[in-house]
Amino acid sequence: MICHHFAAGSCQSCRHIQQPLTEQLAAKQSLLQQLLAPFAAHEWLPPVSGPQTGFRNKAKMVVLGAAHQPILGIPGPDGEPVSLCDCPLYPTDMQQLLQQLQQFVQQAGIPPYRIDKARGELKFILLTRAQVSGEFMLRFVLRSSEAIPRIERQLPGLLQAFPSIKVVTVNLQPVHMARLEGEEEIWLAGEPRLREVFNEVPLYIRPKSFFQTNPVVAAQLYQSAREWLRPIAPSSVWDLFCGVGGFGLHCANGDIQLTGIEIEAEAIACARLSAQQLGLENVNFQALDSTDFAAGKNATEVPDVIIVNPPRRGIGNALCQQLSDFAPAYILYSSCNPQTLAQDLAAIDGYCLQRVQLFDMFPHTDHFEVLALLRRNA
Ligand SMILES: C[S@@+](CC[C@H](N)C(=O)[O-])C[C@H]1O[C@@H](n2cnc3c(N)ncnc32)[C@H](O)[C@@H]1O
Ligand code: SF4
(Lines give C-alpha, C1' and ligand atoms only; values in the text may rest on other atoms or scores of the structure.)
(Ligands and ions follow the chains in the order given, each with its own letter.)
Protein backbone atom coordinates (compact mmCIF):
# COMPACT_ATOMS: atom_id res chain seq x y z
CA MET A 1 0.00 0.00 0.00
CA ILE A 2 1.18 3.56 -0.67
CA CYS A 3 1.40 6.21 2.03
CA HIS A 4 3.10 9.39 0.88
CA HIS A 5 4.14 10.27 4.45
CA PHE A 6 5.89 6.92 4.81
CA ALA A 7 7.51 7.22 1.37
CA ALA A 8 8.79 10.72 2.25
CA GLY A 9 10.14 9.50 5.60
CA SER A 10 7.94 11.93 7.55
CA CYS A 11 5.92 9.22 9.37
CA GLN A 12 7.34 5.76 9.98
CA SER A 13 4.57 4.38 12.21
CA CYS A 14 3.61 1.64 9.71
CA ARG A 15 6.91 -0.19 9.29
CA HIS A 16 5.53 -2.80 6.88
CA ILE A 17 3.15 -0.67 4.83
CA GLN A 18 5.04 -1.29 1.58
CA GLN A 19 4.86 -5.07 2.00
CA PRO A 20 1.78 -6.88 0.59
CA LEU A 21 -0.74 -7.71 3.32
CA THR A 22 -0.44 -11.45 2.62
CA GLU A 23 3.30 -11.30 3.36
CA GLN A 24 2.72 -9.25 6.50
CA LEU A 25 0.20 -11.83 7.70
CA ALA A 26 2.49 -14.75 6.92
CA ALA A 27 5.30 -13.14 8.95
CA LYS A 28 2.98 -12.53 11.92
CA GLN A 29 1.61 -16.07 11.79
CA SER A 30 5.09 -17.53 11.64
CA LEU A 31 6.22 -15.51 14.69
CA LEU A 32 3.11 -16.60 16.59
CA GLN A 33 3.65 -20.26 15.72
CA GLN A 34 7.24 -19.99 16.92
CA LEU A 35 6.25 -18.38 20.23
CA LEU A 36 3.45 -20.88 20.89
CA ALA A 37 5.35 -23.97 19.68
CA PRO A 38 5.97 -25.22 23.27
CA PHE A 39 2.21 -25.48 23.85
CA ALA A 40 1.46 -27.73 20.82
CA ALA A 41 -1.92 -26.24 19.90
CA HIS A 42 -4.45 -28.85 18.68
CA GLU A 43 -5.96 -26.54 16.07
CA TRP A 44 -4.74 -23.43 14.22
CA LEU A 45 -7.47 -21.48 12.47
CA PRO A 46 -6.52 -19.26 9.50
CA PRO A 47 -5.67 -15.61 10.31
CA VAL A 48 -8.46 -13.05 10.09
CA SER A 49 -7.80 -9.71 8.42
CA GLY A 50 -9.80 -6.63 7.47
CA PRO A 51 -9.37 -3.72 5.05
CA GLN A 52 -5.89 -2.28 4.41
CA THR A 53 -7.00 1.34 4.62
CA GLY A 54 -9.67 3.37 6.38
CA PHE A 55 -9.91 0.80 9.20
CA ARG A 56 -8.87 2.87 12.22
CA ASN A 57 -11.61 4.44 14.34
CA LYS A 58 -9.38 6.48 16.63
CA ALA A 59 -6.98 9.36 15.90
CA LYS A 60 -4.62 10.77 18.53
CA MET A 61 -3.24 13.98 17.04
CA VAL A 62 -0.50 16.03 18.63
CA VAL A 63 -1.30 19.73 18.14
CA LEU A 64 1.82 21.43 16.81
CA GLY A 65 2.83 24.67 15.11
CA ALA A 66 1.56 28.11 16.14
CA ALA A 67 -1.92 29.52 16.88
CA HIS A 68 -2.08 31.17 13.42
CA GLN A 69 -0.99 27.94 11.72
CA PRO A 70 -1.76 24.87 13.85
CA ILE A 71 -0.91 21.39 12.62
CA LEU A 72 -2.54 18.14 13.78
CA GLY A 73 -0.11 15.26 13.47
CA ILE A 74 3.33 14.38 14.75
CA PRO A 75 6.74 16.01 14.97
CA GLY A 76 8.67 14.84 11.87
CA PRO A 77 12.20 13.38 11.93
CA ASP A 78 13.69 16.88 11.47
CA GLY A 79 11.51 18.28 14.29
CA GLU A 80 9.19 20.08 11.84
CA PRO A 81 5.46 19.35 12.36
CA VAL A 82 3.82 16.91 9.92
CA SER A 83 0.06 17.08 9.39
CA LEU A 84 -1.44 13.57 9.45
CA CYS A 85 -5.03 14.63 8.70
CA ASP A 86 -4.80 12.66 5.43
CA CYS A 87 -3.40 9.48 7.02
CA PRO A 88 -4.93 6.65 4.94
CA LEU A 89 -5.60 4.51 8.03
CA TYR A 90 -8.62 6.74 8.76
CA PRO A 91 -11.93 6.58 6.85
CA THR A 92 -12.41 9.46 4.39
CA ASP A 93 -15.00 11.30 6.50
CA MET A 94 -12.62 11.18 9.45
CA GLN A 95 -9.80 12.64 7.33
CA GLN A 96 -12.13 15.46 6.27
CA LEU A 97 -13.11 16.19 9.86
CA LEU A 98 -9.45 16.23 10.94
CA GLN A 99 -8.75 18.84 8.24
CA GLN A 100 -11.70 20.86 9.47
CA LEU A 101 -10.43 20.60 13.06
CA GLN A 102 -7.06 21.99 12.01
CA GLN A 103 -8.92 25.06 10.70
CA PHE A 104 -11.11 25.14 13.81
CA VAL A 105 -8.07 25.45 16.09
CA GLN A 106 -6.78 28.29 13.93
CA GLN A 107 -10.11 30.13 13.87
CA ALA A 108 -10.59 29.67 17.63
CA GLY A 109 -7.05 31.02 18.13
CA ILE A 110 -6.00 28.31 20.59
CA PRO A 111 -2.22 28.24 21.00
CA PRO A 112 -0.76 24.72 20.61
CA TYR A 113 1.19 23.55 23.66
CA ARG A 114 4.95 23.79 23.12
CA ILE A 115 6.79 21.02 24.96
CA ASP A 116 10.17 22.74 24.56
CA LYS A 117 8.89 25.98 26.14
CA ALA A 118 6.21 24.45 28.46
CA ARG A 119 3.86 27.12 27.03
CA GLY A 120 0.56 27.12 25.13
CA GLU A 121 -2.76 25.39 25.75
CA LEU A 122 -3.88 22.69 23.31
CA LYS A 123 -1.91 19.44 23.62
CA PHE A 124 -3.86 16.80 21.68
CA ILE A 125 -7.04 16.26 19.70
CA LEU A 126 -8.57 12.81 20.13
CA LEU A 127 -11.22 11.74 17.65
CA THR A 128 -13.16 8.45 17.73
CA ARG A 129 -15.61 7.26 15.07
CA ALA A 130 -18.48 4.81 15.48
CA GLN A 131 -18.55 2.48 12.50
CA VAL A 132 -22.28 1.79 12.72
CA SER A 133 -23.31 5.43 12.25
CA GLY A 134 -20.23 7.44 11.19
CA GLU A 135 -20.75 9.53 14.36
CA PHE A 136 -17.81 11.05 16.22
CA MET A 137 -16.58 11.73 19.73
CA LEU A 138 -14.24 14.76 19.83
CA ARG A 139 -11.94 15.51 22.78
CA PHE A 140 -9.59 18.45 23.29
CA VAL A 141 -6.70 17.77 25.70
CA LEU A 142 -5.79 21.13 27.27
CA ARG A 143 -3.14 22.28 29.74
CA SER A 144 -5.72 24.36 31.61
CA SER A 145 -9.32 25.54 31.35
CA GLU A 146 -8.17 28.90 29.92
CA ALA A 147 -8.96 28.05 26.27
CA ILE A 148 -12.41 26.56 26.94
CA PRO A 149 -14.34 29.81 26.22
CA ARG A 150 -12.57 30.05 22.85
CA ILE A 151 -13.60 26.48 21.99
CA GLU A 152 -17.16 27.15 23.10
CA ARG A 153 -17.40 30.26 20.91
CA GLN A 154 -16.47 28.36 17.74
CA LEU A 155 -18.22 25.09 18.57
CA PRO A 156 -21.75 25.85 17.23
CA GLY A 157 -20.32 26.51 13.74
CA LEU A 158 -18.35 23.26 13.81
CA LEU A 159 -21.35 21.22 14.98
CA GLN A 160 -23.46 22.77 12.24
CA ALA A 161 -20.88 21.91 9.56
CA PHE A 162 -20.37 18.39 11.02
CA PRO A 163 -23.63 17.22 12.64
CA SER A 164 -22.06 13.78 12.91
CA ILE A 165 -20.03 15.03 15.92
CA LYS A 166 -22.13 13.67 18.78
CA VAL A 167 -19.89 14.03 21.85
CA VAL A 168 -17.52 16.92 22.65
CA THR A 169 -15.37 17.07 25.79
CA VAL A 170 -12.26 18.72 27.16
CA ASN A 171 -9.69 16.71 29.07
CA LEU A 172 -7.44 18.68 31.38
CA GLN A 173 -3.81 17.55 31.52
CA PRO A 174 -1.92 20.18 33.52
CA VAL A 175 1.24 18.11 33.92
CA HIS A 176 4.17 18.77 31.57
CA MET A 177 5.36 15.72 29.55
CA ALA A 178 2.91 13.47 31.36
CA ARG A 179 0.79 10.69 29.88
CA LEU A 180 -1.68 11.62 27.17
CA GLU A 181 -4.76 12.31 29.29
CA GLY A 182 -5.45 13.84 32.67
CA GLU A 183 -8.02 12.92 35.31
CA GLU A 184 -10.54 15.70 34.74
CA GLU A 185 -12.98 15.46 31.81
CA ILE A 186 -15.35 18.37 31.11
CA TRP A 187 -18.36 17.74 28.91
CA LEU A 188 -18.96 20.56 26.38
CA ALA A 189 -21.71 19.47 23.99
CA GLY A 190 -23.79 16.60 22.67
CA GLU A 191 -24.34 13.25 24.31
CA PRO A 192 -22.46 11.58 27.16
CA ARG A 193 -21.26 8.64 25.03
CA LEU A 194 -20.93 7.32 21.48
CA ARG A 195 -22.96 4.29 20.43
CA GLU A 196 -21.33 1.47 18.43
CA VAL A 197 -22.86 -1.84 17.38
CA PHE A 198 -20.94 -5.06 16.62
CA ASN A 199 -22.92 -8.15 15.56
CA GLU A 200 -26.14 -6.56 16.86
CA VAL A 201 -24.57 -6.04 20.30
CA PRO A 202 -24.71 -2.35 21.36
CA LEU A 203 -21.43 -1.12 22.85
CA TYR A 204 -20.71 2.33 24.23
CA ILE A 205 -17.60 4.47 23.92
CA ARG A 206 -16.96 7.00 26.70
CA PRO A 207 -14.03 9.41 26.87
CA LYS A 208 -11.91 7.38 29.27
CA SER A 209 -12.85 3.82 28.46
CA PHE A 210 -10.74 1.55 26.27
CA PHE A 211 -12.29 0.60 22.93
CA GLN A 212 -10.90 -1.61 20.17
CA THR A 213 -9.45 0.55 17.36
CA ASN A 214 -10.18 -1.70 14.35
CA PRO A 215 -13.96 -2.23 14.30
CA VAL A 216 -14.11 -4.68 11.37
CA VAL A 217 -11.58 -7.07 12.91
CA ALA A 218 -12.80 -6.52 16.50
CA ALA A 219 -16.34 -7.52 15.47
CA GLN A 220 -14.92 -10.78 14.05
CA LEU A 221 -12.89 -11.35 17.22
CA TYR A 222 -15.96 -11.04 19.47
CA GLN A 223 -18.00 -13.17 17.09
CA SER A 224 -15.34 -15.91 17.18
CA ALA A 225 -15.32 -15.84 21.00
CA ARG A 226 -19.11 -16.28 20.91
CA GLU A 227 -18.88 -19.20 18.47
CA TRP A 228 -16.05 -20.94 20.33
CA LEU A 229 -17.98 -20.85 23.61
CA ARG A 230 -21.34 -21.92 22.15
CA PRO A 231 -20.62 -25.71 22.04
CA ILE A 232 -19.16 -25.50 25.57
CA ALA A 233 -22.53 -24.12 26.77
CA PRO A 234 -21.18 -22.64 30.01
CA SER A 235 -23.61 -21.80 32.79
CA SER A 236 -21.29 -19.15 34.19
CA VAL A 237 -18.56 -16.93 32.69
CA TRP A 238 -16.13 -14.37 34.09
CA ASP A 239 -14.91 -11.69 31.66
CA LEU A 240 -11.76 -10.22 33.26
CA PHE A 241 -10.32 -6.94 31.89
CA CYS A 242 -13.73 -6.60 30.25
CA GLY A 243 -13.58 -2.92 29.20
CA VAL A 244 -17.05 -1.97 27.92
CA GLY A 245 -17.99 -5.67 27.90
CA GLY A 246 -17.46 -6.74 24.26
CA PHE A 247 -16.48 -10.37 24.96
CA GLY A 248 -18.89 -11.12 27.78
CA LEU A 249 -21.87 -9.44 26.10
CA HIS A 250 -21.26 -11.44 22.91
CA CYS A 251 -21.19 -14.71 24.85
CA ALA A 252 -24.07 -13.96 27.24
CA ASN A 253 -27.62 -15.16 26.91
CA GLY A 254 -30.42 -15.31 29.45
CA ASP A 255 -29.08 -18.60 30.88
CA ILE A 256 -25.44 -17.66 31.48
CA GLN A 257 -24.39 -15.99 34.72
CA LEU A 258 -21.91 -13.35 33.50
CA THR A 259 -19.48 -11.44 35.72
CA GLY A 260 -17.41 -8.67 34.08
CA ILE A 261 -14.45 -7.07 35.88
CA GLU A 262 -12.64 -3.92 34.73
CA ILE A 263 -10.59 -1.26 36.51
CA GLU A 264 -12.12 1.79 34.72
CA ALA A 265 -15.47 2.78 36.22
CA GLU A 266 -16.58 4.57 33.03
CA ALA A 267 -16.18 1.40 31.00
CA ILE A 268 -18.23 -0.54 33.55
CA ALA A 269 -21.02 2.05 33.29
CA CYS A 270 -21.04 1.43 29.50
CA ALA A 271 -21.10 -2.36 29.94
CA ARG A 272 -24.07 -2.12 32.32
CA LEU A 273 -25.98 0.06 29.86
CA SER A 274 -25.39 -2.44 27.03
CA ALA A 275 -26.52 -5.35 29.25
CA GLN A 276 -29.67 -3.43 30.16
CA GLN A 277 -30.45 -2.75 26.49
CA LEU A 278 -29.95 -6.41 25.64
CA GLY A 279 -32.37 -7.31 28.44
CA LEU A 280 -29.71 -9.43 30.19
CA GLU A 281 -30.48 -9.94 33.86
CA ASN A 282 -27.89 -12.49 35.00
CA VAL A 283 -25.01 -10.07 34.65
CA ASN A 284 -22.80 -8.36 37.17
CA PHE A 285 -20.24 -5.80 35.94
CA GLN A 286 -17.94 -4.37 38.61
CA ALA A 287 -15.13 -1.80 38.58
CA LEU A 288 -12.31 -3.73 40.27
CA ASP A 289 -8.76 -4.92 39.76
CA SER A 290 -8.98 -8.39 38.14
CA THR A 291 -6.36 -9.98 40.40
CA ASP A 292 -7.98 -8.56 43.56
CA PHE A 293 -11.36 -9.80 42.39
CA ALA A 294 -10.00 -13.31 41.80
CA ALA A 295 -8.17 -13.25 45.15
CA GLY A 296 -11.50 -12.68 46.91
CA LYS A 297 -13.11 -15.77 45.36
CA ASN A 298 -13.03 -19.37 46.56
CA ALA A 299 -13.11 -22.60 44.58
CA THR A 300 -16.91 -23.05 44.95
CA GLU A 301 -17.54 -19.79 43.07
CA VAL A 302 -15.43 -20.62 40.01
CA PRO A 303 -17.25 -20.34 36.65
CA ASP A 304 -17.10 -22.80 33.74
CA VAL A 305 -15.18 -20.32 31.56
CA ILE A 306 -12.86 -17.44 32.40
CA ILE A 307 -12.19 -14.93 29.61
CA VAL A 308 -9.12 -12.69 29.97
CA ASN A 309 -8.18 -9.78 27.67
CA PRO A 310 -5.41 -7.89 29.47
CA PRO A 311 -3.30 -4.91 28.35
CA ARG A 312 0.07 -5.59 26.67
CA ARG A 313 1.75 -6.59 29.94
CA GLY A 314 -0.39 -9.76 30.12
CA ILE A 315 -2.21 -11.12 33.17
CA GLY A 316 0.92 -11.65 35.29
CA ASN A 317 2.05 -14.44 37.58
CA ALA A 318 -0.40 -13.85 40.45
CA LEU A 319 -3.45 -14.19 38.20
CA CYS A 320 -1.88 -17.15 36.32
CA GLN A 321 -1.49 -18.87 39.70
CA GLN A 322 -5.08 -18.09 40.66
CA LEU A 323 -6.38 -19.44 37.33
CA SER A 324 -4.34 -22.64 37.81
CA ASP A 325 -5.78 -23.07 41.33
CA PHE A 326 -9.36 -22.30 40.29
CA ALA A 327 -9.08 -24.68 37.33
CA PRO A 328 -12.18 -23.61 35.35
CA ALA A 329 -13.05 -26.04 32.52
CA TYR A 330 -11.93 -23.47 29.91
CA ILE A 331 -9.91 -20.25 29.72
CA LEU A 332 -10.35 -17.98 26.69
CA TYR A 333 -7.36 -15.66 26.40
CA SER A 334 -7.41 -12.71 23.96
CA SER A 335 -4.01 -11.07 23.77
CA CYS A 336 -2.51 -8.08 21.93
CA ASN A 337 1.03 -9.21 22.81
CA PRO A 338 2.13 -12.74 21.81
CA GLN A 339 5.27 -12.52 23.99
CA THR A 340 3.34 -11.99 27.24
CA LEU A 341 0.72 -14.50 26.05
CA ALA A 342 3.45 -17.15 25.75
CA GLN A 343 4.81 -16.23 29.22
CA ASP A 344 1.35 -16.44 30.78
CA LEU A 345 0.55 -19.76 29.07
CA ALA A 346 3.78 -21.18 30.50
CA ALA A 347 2.71 -20.00 33.97
CA ILE A 348 -0.81 -21.50 33.86
CA ASP A 349 -0.74 -25.16 34.99
CA GLY A 350 -3.03 -28.00 33.99
CA TYR A 351 -4.29 -26.85 30.58
CA CYS A 352 -3.82 -27.75 26.93
CA LEU A 353 -3.99 -25.22 24.12
CA GLN A 354 -7.02 -26.29 22.15
CA ARG A 355 -7.38 -23.59 19.47
CA VAL A 356 -5.52 -20.47 18.30
CA GLN A 357 -6.36 -17.76 15.78
CA LEU A 358 -4.56 -14.56 14.78
CA PHE A 359 -6.61 -11.39 14.20
CA ASP A 360 -4.79 -8.69 12.22
CA MET A 361 -6.07 -5.79 14.26
CA PHE A 362 -3.08 -3.52 13.48
CA PRO A 363 -2.12 -3.96 9.79
CA HIS A 364 1.26 -2.59 8.59
CA THR A 365 2.76 -2.78 12.11
CA ASP A 366 4.37 -5.60 14.11
CA HIS A 367 1.29 -5.85 16.35
CA PHE A 368 -1.66 -8.25 16.19
CA GLU A 369 -4.32 -9.85 18.40
CA VAL A 370 -4.49 -13.56 19.26
CA LEU A 371 -7.45 -15.57 20.51
CA ALA A 372 -6.48 -18.76 22.37
CA LEU A 373 -8.77 -21.36 23.93
CA LEU A 374 -7.33 -23.45 26.79
CA ARG A 375 -9.00 -26.65 27.99
CA ARG A 376 -8.42 -28.14 31.44
CA ASN A 377 -6.52 -31.43 31.26
CA ALA A 378 -8.69 -34.43 31.98
C1 LIG B 1 -6.95 -4.77 26.00
S2 LIG B 1 -8.17 -3.88 26.94
C3 LIG B 1 -9.53 -4.95 26.70
C4 LIG B 1 -10.89 -4.41 26.98
C5 LIG B 1 -12.07 -5.26 26.52
N6 LIG B 1 -11.94 -6.66 26.83
C7 LIG B 1 -12.36 -5.05 25.05
O8 LIG B 1 -12.50 -6.01 24.30
O9 LIG B 1 -12.48 -3.89 24.64
C10 LIG B 1 -7.65 -4.16 28.57
C11 LIG B 1 -8.56 -3.59 29.62
O12 LIG B 1 -8.06 -3.93 30.91
C13 LIG B 1 -8.31 -2.87 31.80
N14 LIG B 1 -7.39 -3.05 32.94
C15 LIG B 1 -6.09 -2.70 33.04
N16 LIG B 1 -5.58 -3.13 34.21
C17 LIG B 1 -6.58 -3.77 34.86
C18 LIG B 1 -6.66 -4.46 36.11
N19 LIG B 1 -5.61 -4.53 36.89
N20 LIG B 1 -7.83 -5.03 36.44
C21 LIG B 1 -8.92 -4.93 35.63
N22 LIG B 1 -8.90 -4.30 34.43
C23 LIG B 1 -7.74 -3.73 34.05
C24 LIG B 1 -8.08 -1.63 30.95
O25 LIG B 1 -8.73 -0.50 31.52
C26 LIG B 1 -8.69 -2.07 29.62
O27 LIG B 1 -10.04 -1.72 29.54
S1 SF4 C 1 0.32 6.18 10.48
FE2 SF4 C 1 -0.66 6.95 8.60
S3 SF4 C 1 0.73 8.52 7.85
FE4 SF4 C 1 1.92 7.27 9.28
S5 SF4 C 1 2.91 5.68 8.04
FE6 SF4 C 1 0.94 4.84 8.79
S7 SF4 C 1 -0.47 5.24 7.11
FE8 SF4 C 1 1.27 6.61 6.79
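## Two annotated sites and a ligand shell

Cys-14 lies in the loop between helix 1 and helix 2, in a model that is predicted. Cys-14 belongs to one of two residue groups that an unreviewed UniProt entry annotates as "binding site", together with Cys-3, Cys-11 and Cys-87. The other group under that annotation, again from an unreviewed entry, consists of Gln-212, Phe-241, Glu-262 and Asn-309.

**The cysteine group**

- The record's annotation "binding site" (unreviewed entry) covers Cys-3, Cys-11, Cys-14 and Cys-87, and although these residues are spread over 85 residues of sequence, they cluster in space, with a largest C-alpha distance of 10.9 Å.
- Cys-14 has 20 other C-beta atoms within 10 Å, and because 20 or more count as buried, Cys-14 is buried.
- When residues up to four places away in sequence are not counted, Cys-14 touches Cys-3 and Phe-6, and also His-364 and Thr-365.
- Cys-11 is found in the loop between helix 1 (4-7) and helix 2 (21-36), but with 19 C-beta neighbours inside 10 Å it counts as partly exposed.
- The contacts of Cys-11, leaving aside neighbours within four places in sequence, are His-5, Phe-6, Ile-74, Val-82 and Leu-84.

**The second annotated group**

- Phe-241 has its place in the loop between strand 11 (236-240) and helix 6, and it counts as buried, with 21 C-beta neighbours inside 10 Å.
- Asn-309 is found in the loop between strand 14 (305-308) and helix 9 (316-326), where it is buried, with 26 other C-beta atoms within 10 Å.
- Asn-309 touches Phe-241, Phe-247 and Ser-334, if residues up to four places away in sequence are not counted.

**Around ligand 1**

- Ligand 1 is surrounded by 18 residues, of which the closest are Phe-210, Phe-241, Gly-243, Ile-263 and Asn-309.
- The elements that give two or more residues to this shell are helix 6 (246-251) and strand 12 (257-262).
- Sorted by class, the shell around ligand 1 holds 10 nonpolar, 5 polar and 3 charged residues.

Methods: Residues are numbered from 1 along each chain as its sequence is written. Chains are lettered from A and ligands numbered from 1 in the order in which they are written. This is a predicted model: local features need pLDDT of at least 70, side-chain atom pairs count only at pLDDT 80 or more; totals for chains, interfaces and linings use all residues. A residue is near a molecule or strand if its C-beta atom, placed from the backbone, lies within 6 Å of it. Helices (H or I, at least four residues) and strands (E, at least two) are DSSP runs, numbered from the N terminus. Ala, Val, Leu, Ile, Met, Phe, Trp, Tyr, Cys and Pro count as nonpolar, Asp, Glu, Lys and Arg as charged, and the others, Gly among them, as polar. UniProt positions are given in the numbering used here, feature names are shortened, and annotations may be inferred rather than shown by experiment. A residue is buried if 20 or more other C-beta atoms lie within 10 Å of its own, exposed if 12 or fewer, and partly exposed in between; C-beta atoms are placed from the backbone. Two residues are in contact if their C-beta atoms, placed from the backbone, lie within 7 Å.
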